[in-house]
Amino acid sequence: MEAVAMAVGVLLLAGAGGAAGDEAGEAAAVRALVARLLGPGPAANFSVSVERALAAKPGLDTYSLSGGGAARVRVRGSTGVAAAAGLHRYLRDFCGCHVAWSGSQLRLPRPLPAVPGELTEATPNRYRYYQNVCTQSYSFVWWDWARWEREIDWMALNGINLALAWSGQEAIWQRVYLALGLTQAEIDEFFTGPAFLAWGRMGNLHTWDGPLPHAWHIKQLYLQHRILDRMRSFGMIPVLPAFSGHVPKAITSLFLRELTKEFGTDHIYGADTFNEMQPPSSEPSYLAAATAAVYEAMIAVDTDAVWLLQGWLFQHQPQFWGPAQVRAVLGAVPCGRLLVLDLFAESQPVYIRTASFQGQPFIWCMLHNFGGNHGLFGALEAVNRGPEAARLFPNSTMVGTGMAPEGISQNEVVYSLMAELSWRKDPVPDLAAWVTSFAAQRYGVSHPDTGAAWRLLLRSVYNCSGEACRGHNHSPLVRRPSLQMNTTVWYNRSDVFEAWRLLLSAAATLAASPTFRYDLLDVTRQAVQELVSLYYEEARSAYLSKELGSLLRAGGILAYELLPALDEVLASDSHFLLGSWLEQARAVAVSEAEADFYEQNSRYQLTLWGPEGNILDYANKQLAGLVAHYYTPRWRLFLEALAASVAQGIPFQQHQFDKNVFQLEQAFVLSKQRYPSQPRGDTVDLAKKIFLRYYPRWVAGSWE
C-alpha cells in the first residue's frame, strides 16, 4: 500500500526538495525566524543547521533535536521547514510554549530543558499542504507584508512545505490581455473587487464590485515577490496559479510564460477547471479533452509541470461526477503529474469512492471552516483517525496531509492537532490528554479547571461526526431571522455552559494570559450564541401560541439585552473588532476614494456578499460593531414584526419582512460609519457580568 504512494511520490519528487547549495540559506532563514519569534537574546541559545542527508528517504522531511540544559539546543533539519518544525516541537513539548494566530505563549524556562539523547522525527508523507483558494479572499485579502511574514513563520513552524502563492496574478493577466488587444476599460470591466478575487480566479463570477485600481496591482506584485522569496528561503514549494479556462491554448501558455518570467517557478501549478460549475457535457471524451488541454498548456511552458487540482468538484456535485466522468479527468494527465487535494476528507473523503483517485497522488486535507465564520466547531476524532485510514487504504496513493480552510484565525485547537498529525505515523492515542496538554501550553501553566473545560469542549463542539459536519455557522444569531430557523446542534449545550463556568473559575490565576483571555471571550461568545437560539425558540413559541407578553419578554431580552452584551464583550479584544477588519482594508489604499471602495468590498463580503443578498451571510463573523449595527437591527425588526402580527391578529409575512430587512442590510454595506479599531473594556469582567446574568437562568431552565 505504502509502496504505491512512494512510487508515485518519486515521480513528484523530480526537481523538488532543493539542492545542497540551499542548505546554508535555509538554515539562515530559520535562524532569522528564531530571532523574530524569541528575540535575539534567547535565540542565541539555539543552534540551527540544515542537512539534506538527515532524511533517510528522499523527500521525507526529518528533524533532529539535542542539547539544552547547560548547552545550546541543537536543531537540525533536512530542509529549512523541517528545522523550523523541529524548533516548534522543542518549544511545545520541552518548554510548554504555544504559537498561534491569536497570540503566542513563549515563556521559556531557565535553563532551557535538555533533550534526552537525540530525538529524531521524520514525516510519513512528502507534503504538508496549506490553504484553500477561498482563503485568499476570506482571510488574506487585505494583508500587508508584516502580516504575511507572521503567517509564513507560522507555516514554517507547523511544517508546511506546499502552499498556494496566488497574489499579484491579476497584474499578469492584465499584461496578457493588453498584449492580446483588449482595452483597459474591457479589462477593468472583467475583474472583480479584491474581496471577491478568489471566485473570479475559479471562473465563478466576474465584474462584481470591481474594478481593481492600478495601485492594487503594484502592491500585489510587490507582496508576491516578498512572499515567494520568504517561502523559498525555508525550502517551501509555492504553488503558482495556472489558467483553467477553455480558451485557445496560446492564451493559457502566454499567461504561464509571463507569470514564470515574473515570479520564477517551483513547477507546481494550481488550476480548477469546473469548480462548483457543471460542465457543458458529461461525455468522458469532452471532459478528458478539456482536462488534457489545461495540462498541455502547462507543459508547453514548463516541461516539469505538476498540476495541483482541488478535488472539490468531485465532492460538490457527486451526481454529475460518476465513475466514467471521474476516470476521464484523472486519466487525462500522466500519472504523477496531477496532484489532487481531497479537500474535505475529514467529513466526505473522495479517495474512497474513486479508488484512490484512480492512481493519481492525493493529499488528505482537512477543510474544517467555511466562509471564515466564527463559532466553536471541529471533528477532532475524524481528523485524528483520517490520515492513517487514508494511508492504509488499499493501493493508497496518498502523498501528504493538508489544511485547507476557507478562512483562518478561529478554532486553533483543530489546526494545532492537524499540524502535529502531519509528523505522526499514527493517531494521537488519547485526545482528552492531548487537549489538556494543549491548554497548559497555550496558557503557560497547567490548571485543573482549564483542562476540564477543554475536555468538555472536546466531547461537545469539537466532536462533530458524520457527513453532515460542516464548519459553517448557521446559528440564528448570524442569519436573517425567520420562523423556520434550525436551532439543533450536535452536542449537549450543558457542556458549553459548564466549560464557560470552569474557564471563569480559572480567571483569577490566568487573567494575565492573552491566549486565555481570547479563549474566555470565544467561549463566552459561543455561550451567547447558544442563548440567542434558546431565546429565539421562546419567542417563536410565544408567537405561535399568540402570547404577546411572553413574546415581548423573550424578544426583548434577545434583542435589547443579550446582543448588546455580546457586542460589548467582543469589543474588549482586538481580534473581534469590525473596526480593525475595515481598517485593514482601508490601509491598502492610496487615496480616500480607494479606501472607501475597499471598505465597501469588505462590508459586502461580510454581509450580503452579492448585490441582492446572493449567498447572504455566507461569510458571517461575530465582530463588535457588526453585532451592534447589522445583526441587532435585523433581530429588532423581526421581533417587532412578530409582535405587530400578534397584536393585530394577522399572519407574519416573511416575504415582506425580507424586503424590509434588505434595506437595513444594504444600508449597513453603504454606510460610512467608522468603528473603533482599539479594544475597550476588560474581557474577564464583561464575561463574568454576562455569566452571572444568564448562567443561573440556564441552570434553572427559566428564561424570565
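Contact, in this description, means that heavy atoms lie within 4.5 Å. The structure is a predicted model, in which local features need pLDDT of at least 70 and side-chain atom pairs count only at pLDDT 80 or more, while totals for chains, interfaces and linings use all residues. Residues are numbered from 1 along each chain as its sequence is written, and side-chain values use heavy atoms, with hydrogens and water left out.

Leaving aside residues up to four places away in sequence, Arg 470 touches Trp 312, Gln 315, Phe 344, Gln 348, Phe 370 and Phe 377. The residue lies in the loop between helix H19 (448–459) and H20; helices are DSSP runs of H or I with at least four residues, numbered from the N terminus. Arg 470 counts as partly exposed because its relative accessibility is 35%, given that buried means under 20% relative accessible area, exposed over 50% and partly exposed in between (1.4 Å probe, protein chains only). From Asp 426, Arg 470 is 44 residues away in sequence and 25 Å away in space, C-alpha to C-alpha.

The next topic is helix H20 and its partner. The axes of H20 (residues 493–505) and H22 (residues 514–544) come within 10 Å and cross at roughly 145 degrees. Axes are lines fitted to C-alpha atoms, for helices over the stretch in contact, and angles run from 0 to 180 degrees between N-to-C directions. The crossing of H20 and H22 is left-handed, a term used if the near helix is turned anticlockwise from the far one by less than a right angle. Among the residues that make this contact are Phe 497 and Trp 500 of H20 and Phe 516 and Leu 520 of H22. By class, the contact of H20 with H22 has 11 nonpolar, 3 polar and 3 charged residues. Here Ala, Val, Leu, Ile, Met, Phe, Trp, Tyr, Cys and Pro count as nonpolar, Asp, Glu, Lys and Arg as charged, and the others, Gly among them, as polar.

H22 also meets helix H23 (residues 548–570): their axes come within 9 Å and cross at roughly 165 degrees. H22 is therefore roughly antiparallel to H23, a label for angles over 145 degrees. H22 passes H23 in a left-handed crossing. The contact includes Leu 521, Val 528 and Tyr 535 of H22, together with Leu 551, Leu 558 and Leu 562 of H23. The residues of the contact of H22 with H23 comprise 17 nonpolar, 2 polar and 2 charged.

In H17 (residues 412–421), 10 of the 10 residues are buried, so the helix is largely enclosed by the rest of the structure. Helix H7 (residues 169–179) is mostly covered, with 8 of its 11 residues buried; Ile 172 and Trp 173 are among them. Just after H7, Gly 181 adopts a positive phi of about 105 degrees.

Aromatic rings complete the account. The structure holds 54 aromatic pairs, where rings of Phe, Tyr and Trp (its six-membered ring) pair if their centres lie within 6.5 Å, and planes under 30 degrees apart count as stacked, over 60 as edge-to-face and the rest as tilted. The pair of Phe 140 and Trp 143 is tilted, because the centres are 4.5 Å apart and the planes stand at 40 degrees. Phe 140 is buried, with a relative accessible area of 3%, and Trp 143 counts as buried at 7% relative accessibility. The rings of Phe 196 and Trp 199 have centres 6.4 Å apart and planes at 50 degrees, so this pair is tilted. Both Phe 196 and Trp 199 are buried, and they belong to one aromatic cluster that includes Tyr 138 and Trp 208.

Definitions and conventions: Helix = DSSP H or I, 4+ residues; strand = E, 2+ residues; numbered from the N terminus. Parallel < 35°, antiparallel > 145°, perpendicular 65-115°, else oblique.
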